[in-house]
Amino acid sequence: MAFSPKGVLIIMVVTDPIADLLTRIRNALTAKHDGCVVPHSKIKLSIVEILKEEGYIADYQVVEQGSFKSIHIKFKYGKKYERVITNLKRISKPGLRVYCGHEELPKVLDGLGVAIISTSKGVMCDRTARSRKVGGEVLCYVW
């Protein structure tokens with residue numbers, strides 16, 4: 001959302017909301033912000049929940065502002081203010097979907113990173129999908 005010089009609300013159309021989420025997080029981390037705000041959706045909330053469970057972010061909160069919801073993400077930094085999330089990479093894109101069975105699920109940096117998978121049982125990390133023996137669409141890598 002943005003405002004024009006005349007104060008008219010402009011709603012921006014995002015064709016790839018997951019890439020938008022990852023880009024907002026990447027840009028805020030590069031600028032060493034304490035957190036960032038992203039528009040709410042179920043898939044974005046699932047990804048942020050996995051980032052929290054895996055220890056990549058400190059916390060998140062869903063905030064309602066009138067009829068709009070947003071996700072406020074608080075980042076986690078090391079002792080010398082180094083980033084916990086080194087990088088995020090979008091794998092499956094709207095123009096080219098990437099699917100894997102549970103046998104060929106990727107290991108990011110030999111298990112140091114995490115792949116986020118959208119399965120028929122919900123969005124989960126690669127370790128959980130491997131243990132439940134479900135495959136699906138590889139959304140992104142985080143390390």
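**Strand 10 and the cysteines**

In this predicted model, Cys140 has a relative accessibility of 0% and therefore counts as buried, the cut-off for that class being under 20% relative accessible area. Cys140 is in no disulfide, and the nearest cysteine sulfur, which belongs to Cys125, is 11 Å away. Cys36 is likewise buried, with a relative accessible area of 11%. For Cys36, the nearest cysteine sulfur is that of Cys140, at 14 Å, and Cys36 is in no disulfide. A disulfide is a covalent bond between the sulfur atoms of two cysteines, and it is counted here where a pair of such atoms lies within 2.5 Å; by this rule, the count for the model comes to 0 disulfides.

Arg90 stands opposite Cys140 in strand 10, and strand 6, which covers residues 88–90, pairs with strand 10 in the antiparallel sense over 3 bridges. Strand 10 is also joined to strand 7 (residues 99–100) by 2 bridges, with the two strands running antiparallel, and Tyr99 stands opposite Glu137 of strand 10. A further antiparallel pairing, made through 6 bridges, links strand 10 to strand 8, which spans residues 114–119; in this case Val114 stands opposite Val142 of strand 10.

Strand 10 itself comprises residues 136–142, and because 6 of its 7 residues are buried, the strand is largely enclosed by the rest of the structure.

Methods
Residues are numbered from 1 along each chain as its sequence is written. This is a predicted model: local features need pLDDT of at least 70, side-chain atom pairs count only at pLDDT 80 or more; totals for chains, interfaces and linings use all residues. Side-chain values use heavy atoms; hydrogens and water are left out. Buried means under 20% relative accessible area, exposed over 50%, partly exposed in between (1.4 Å probe, protein chains only). Helices (H or I, at least four residues) and strands (E, at least two) are DSSP runs, numbered from the N terminus. Two strands pair if DSSP finds at least two bridges between them.
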